[in-house]
Amino acid sequence: MPKEVTITAVAIPGRNGIFDVTVRNGLIAAIRPAERLREASWLALPGLANLHAHADRAYTVQSFRPRSFADALAAAASTRGGDRGASR
């Protein structure tokens, strides 16, 4: 894999214009206005990550199956060391 690559004609959401993006060692090293005026060939997007948890499964042991969402929240709060959000 090359240590440096420049991707030309990139559209970046939230920014006007077309850009050339240089990636060095897996990190963005430079973003410059495109040297040649043309339409965008690429679209730069942030890393897409699925950052969610299932309240009925997160922070609980397998033998525990909450009967309600409130029970799941209470178990999660208890596991984190606080009683925040715990139902009584």
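A residue is termed buried when its relative accessible area is under 20%, exposed when over 50%, and partly exposed in between, as judged with a 1.4 Å probe and the protein chains only. By this definition Arg24 is partly exposed, with a relative accessible area of 40%. The structure is a predicted model, in which local features require pLDDT of at least 70 and side-chain atom pairs count only at pLDDT 80 or more, whereas totals for chains, interfaces and linings use all residues. Residues are numbered from 1 along each chain as its sequence is written, and side-chain values rest on heavy atoms, with hydrogens and water left out.

The protein chain contains one helix and four strands; these elements are DSSP runs numbered from the N terminus, helices being H or I of at least four residues and strands E of at least two. Their sequence from the N terminus is β-β-β-β-α. Of the 88 residues in the protein chain, 17% are buried.

Strands of a sheet pair through backbone hydrogen bonds, in either a parallel or an antiparallel sense. Here two strands are taken to pair if DSSP finds at least two bridges between them. The four strands form an open sheet in the order β3-β2-β1-β4, with mixed pairing. Strands β3 (27–33) and β4 (42–43) stand at the edges with a single partner strand each, so one side of each is left without a neighbour in the sheet.

Strands β1 and β2 run antiparallel and are joined by six bridges. The hairpin that they form has six residues between the strands, and Gly14 in this hairpin takes a positive phi near 85°. Strand β2 (residues 18–24) also pairs with β3, in the antiparallel sense and over six bridges. The hairpin of β2 and β3 has two residues between its strands, with a positive phi of about 55° at Asn25 in the turn.

Val5 is partly exposed, at a relative accessible area of 38%. Together with Ile7 and Trp42, Val5 forms a nonpolar patch on the surface, with about 280 Å² of accessible area in total. Patches consist of residues with over 30% relative accessible area and no salt bridge; like charges are joined within 9 Å, and nonpolar side chains (Val, Leu, Ile, Met, Phe, Trp, Tyr) within 5 Å. Accessible areas come from the Shrake-Rupley method with a 1.4 Å probe, and for residues only the protein chains shown count as cover.

A salt bridge is assigned where a side-chain nitrogen of Lys or Arg lies within 4 Å of a carboxyl oxygen of Asp or Glu; by this rule there are two salt bridges. In one of them, the closest N and O atoms of Glu4 and Arg24 are 2.6 Å apart. Glu4 belongs to strand β1 and Arg24 to strand β2, so the pair ties together parts that are 20 residues apart in sequence. Glu4 is partly exposed, with a relative accessible area of 43%. Another salt bridge links Asp71 and Arg67, at 3.7 Å from N to O. Asp71 is partly exposed at 23% relative accessibility, whereas Arg67 is exposed at 79%.

The charged end of Arg15 sits over the ring of Phe19, 4.8 Å from its centre; this assignment requires NZ of Lys or CZ of Arg within 6 Å of the ring centre and within 35 degrees of the ring normal.
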